[in-house]
Amino acid sequence: MSRRRAFTLVELLTVVAILSLLAAILFPVFSAVRAAARRAACMSNLRQIGMAVALYRQDYEALPPRLSTLARMVIGDPRVLVCPEDPKRGIHEGTDRMEGANFLSSGVSYDYVPRWGVAHELGWWRPPPDFGAGRWEELTPLADCQWHWARAFHTNWSRDAKGARGWQLVLTLGGAVRKLRVEDPVEEFTPERYR
């Protein structure tokens with residue numbers, strides 16, 4: 001009769017400790033990979049918005065009144081207007097700058113800079129309905145995504161958010177997507193600050 005050998009308690013605890021150590025090492029790596037994938041998806045969304053704006057400008061010789069206009073006229077899938085990092089998926093109480101669900105039930109996560117009062121004060125864009133060509137033409141900020149550093153949207157953020165740290169993604173009028181530090185004062189913005 002043969003006897004089967006079982007694992008001892010020490011052997012089982014050793015295996016559990018090794019697996020826990022591997023998990024502790026790999027989970028941050030997986031988290032960073034997922035964040036990079038969401039950032040890449042957001043950049044793709046912004047590029048599609050840039051192409052949609054270019055098509056709209058070609059047809060109407062003007063900028064759209066708001067981003068949700070593109071969903072009805074140029075963009076086939078309104079999910080393009082929602083950042084994967086946005087915890088509420090674009091369903092916010094909107095403002096002029098970030099319209100949320102004000103005009104599109106599926107929501108909008110991105111800020112539309114030509115509708116931002118501060119952009120008018122600083123001369124980046126003219127007030128609606130005629131936004132003009134933009135102060136820096138093709139390098140003028142058109143839309144941006146704050147969701148890669150922010151976790152909540154506050155309707156009272158009209159200038160710089162207090163305590164903001166990190167990067168925002170910026171779509172330029174020319175269709176390029178650039179990074180910009182959110183700590184930099186908005187009054188000091190020039191296209192040379194793009195990364």
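Confidence by element, to begin. pLDDT is the predictor's confidence in each residue, on a scale from 0 to 100. The protein as a whole averages 88. At least 70 is reached by 95% of the residues. Where pLDDT is low, the predicted coordinates should not be read in detail.

Ground rules next. Numbering runs from 1 along each chain as its sequence is written, and side-chain values use heavy atoms, with hydrogens and water left out. Local features need pLDDT of at least 70, side-chain atom pairs count only at pLDDT 80 or more, and totals for chains, interfaces and linings use all residues.

Now the fold. There are three helices and four strands. Those are DSSP runs, numbered from the N terminus: H or I over at least four residues for helices, E over at least two for strands. Along the sequence the pattern reads α-α-β-α-β-β-β.

On to the sheet. The four strands form an open sheet in the order β1-β2-β3-β4, with antiparallel pairing. β1 (111-112) and β4 are the edge strands, each pairing on one side only. Pairing here requires at least two DSSP bridges between two strands. β3 and β4 share five bridges, in the antiparallel sense. Within that region, Val 170 stands opposite Arg 178 in β4.

What about overall dimensions? The C-alpha trace spans about 90 × 35 × 30 Å along its principal axes. The radius of gyration is 23 Å, whereas a compact globule of 195 residues would have one near 16 Å. That radius is taken over C-alpha atoms, and the globule rule is 2.2 Å times the number of residues to the power 0.38.

Burial. Of the 195 residues, 37% count as buried, meaning under 20% relative accessible area with a 1.4 Å probe, protein chains only.

Which residues have the most contacts inside the largest nonpolar core? They are Leu 46, Ile 49 and Trp 125, in a core of 39 residues. Such a core is a set of buried Ala, Val, Leu, Ile, Met, Phe, Trp, Tyr and Cys residues joined through side-chain atoms within 4.5 Å. At least two residues each come from α1 (9-60), α2 (68-73), α3 (117-121), β2 (141-145), β3 (167-172) and β4 (177-181). α1 gives the largest share, six residues.

Last, contacts, with heavy atoms within 4.5 Å. Among those between residues at least 6 apart in sequence, 53% join residues at least 24 apart.

Conventions. Buried < 20%, exposed > 50% of the residue type's maximum accessible area, 1.4 Å probe, protein only.
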